[in-house]
Every structure is written in structure tokens, then in C-alpha cells.
Amino acid sequence: MASDTRLRIGAHVDQVDPITEASARGADLVQFFLGDPQGYKGPKIAYADGAEALRAAAEGAGLDVYVHAPYLVNVATSNNRIRIPSRKLLAQHAQAAADLGAKGLIVHGGHGQGDDDPSLGIDNWVKTFERMTPPLPILIENTAGGDNAVARRLDRIARLWEALDARVDMSLIGFCLDTCHAHAGGEELLGIVDRVKAITGRIDLVHANDSRDTFDSGADRHANFGSGKIDPEAIVAVVQAAGAPVVCETPGGAAGQGADIAYLREHLPG
């Protein structure tokens, strides 16, 4: 098991038995969904013995746990039929994740409708946190595509953080930096950690992923290190500079993700 000083590195795994999945990858941490990532139904614990048993098993194995909110959570939109259920779903998953002892709930920044003023999406995020007291850190993740995305480019993220900081308690609002999303979203990886920290003050988690597509493509398609369009050394540099826990959301199951975890450990100093 990892020492207390080693950077914690793991993977996004199937939710049925995250403990076994972690062991197969040599992971220090796991990230998973609670239920259907493409549905509006509330969280569901797939682990056979339930939430308390999963929490105890993870603690016993020395594993850190992160939960990813469903993909269709979009609290930024002006569409009431999406925004209102999204707020409810975000709150439900936050509580379920907290009950598991998770370190954080990751959620995509979302996007506005069509030609909506970007300020509407930002204001909707602020209102979400004005109505919600998170039971654990909510980690907003940068996204790869969407012309009206709240968190694709750093200038929008800066506007979001400025608005949040002015109106809500930021102690449980953090940031998740995805390398594939940054590359596909049109943000150079060189120096990105410093640029993000200048905006958010923190990076709580790194999603370390190669990209199947070219720079600024807007396509969210992950690849294993060395098989995509990002220099693996650039991914290592981001991980090293961030100094935050790492999730590999790459394909290939235990073999593919295990190789990516091993690559990071081999190339990171110490």
C-alpha cells in the first residue's frame, strides 16, 4: 500500500466492486459513479453489501474514494426542465458520496443554452450553492467542448470563481483539472497549473488522460498515455506541478489503466 508521502494515484472504475478493481490496478484511490451516469434517477449503491460496508472496505484497504456526478447534471442551463432536476441530483449525489466517506464529488461545469449570455450560467452556479450546503467538497471540472460552456476556457472559469467567491462560502468548492479536456478545450498544458491556481487558488484533483483528438477539437475522448495527441511528459508535468491526487479515466480496463498508473509512478520524482 502507498506510503503517506507518495502521491495518491488511481482510476475511474466500475461501481459494483471498487475495492477489487483498485487491487487489479495497483491503485491508491478510486473514482466511480453511483448509479446511471446518463440518467436522472437518484444515486444507487451497487456494492453488494451496501454503503456502510463499502466505506469500511475502502478504509480497510487504505483507499481514497471519489464520486463522479452523472454526466447530464447541468446546473448552468437556463432550461428549467434540466437545471432544477440537476440541482436535486447534485445534492442527492453529494449526500450519498459523503455517506461513503468520499473525498469529493466531481461535477462538470455545464453550459448555457444557445446564445444565452454566459453570465446566466455563472449566476445559476452561484444560485446552486446559495441553495445548497455541500456535505463534502464539490469539485467543478473543466470541460472539453461547447461554445457556451461555463468551464471550458480559463477566462470563463475566472468569471465563475469571481462570482462564487463574492457570494458563497468557498471552503467546500474545489477544482478538478482534466488534461484531456484542457487540451481538447483549447488550453495549452504548459503552465496550466499555475494559470488555474491563479484563478481558483487550488487544484484538488487531476484527471490524467491523453486525448484521442487534436488540440482545441472540443472532443471529449480519452486515450491511454502515448496513444493520443498529448505528449505523455506533458501529462506528467501537470501531475507533478499540481501535487494533487490523480485519477486515470483512460480506457483498457485494469491493464490499460494499470499501465497508465505505473507510467506516472515511474516518471514522477520521488
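This is a predicted model: local features need pLDDT of at least 70, side-chain atom pairs count only at pLDDT 80 or more; totals for chains, interfaces and linings use all residues.
The largest nonpolar core holds 71 residues. Within this core, W125 and L264 touch the most other members. Another core lies apart from the largest one. This other core has seven residues, including L29, I106, L139 and C176. In soluble globular proteins, nonpolar side chains tend to be buried together.

L29 also belongs to strand β2, which spans residues 29-32. From this strand, L29 and Q31 point one way, whereas V30 and F32 point the other way. L29, V30, Q31 and F32 are all buried.

Strand β2 pairs with two strands, β1 and β3. Strand β1 covers residues 9-12 and runs parallel to β2, with three bridges joining them. H12 has Q31 of β2 as its bridge partner. Between these strands comes helix α1, residues 18-25, and β1, α1 and β2 make a right-handed β-α-β unit.

Strand β3, residues 64-68, is likewise parallel to β2, and four bridges join the two. Here the bridge partner of Q31 is Y66. The chain crosses from β2 to β3 through helix α2, residues 51-61. This β-α-β crossover is right-handed.

Technical notes:
Residues are numbered from 1 along each chain as its sequence is written. Side-chain values use heavy atoms; hydrogens and water are left out. A nonpolar core is a set of buried Ala, Val, Leu, Ile, Met, Phe, Trp, Tyr and Cys residues joined through side-chain atoms within 4.5 Å. Buried means under 20% relative accessible area, exposed over 50%, partly exposed in between (1.4 Å probe, protein chains only). Two strands pair if DSSP finds at least two bridges between them. A crossover is right-handed if, with the strands pointing away from the viewer, the path from the first strand over the helix to the second runs clockwise.
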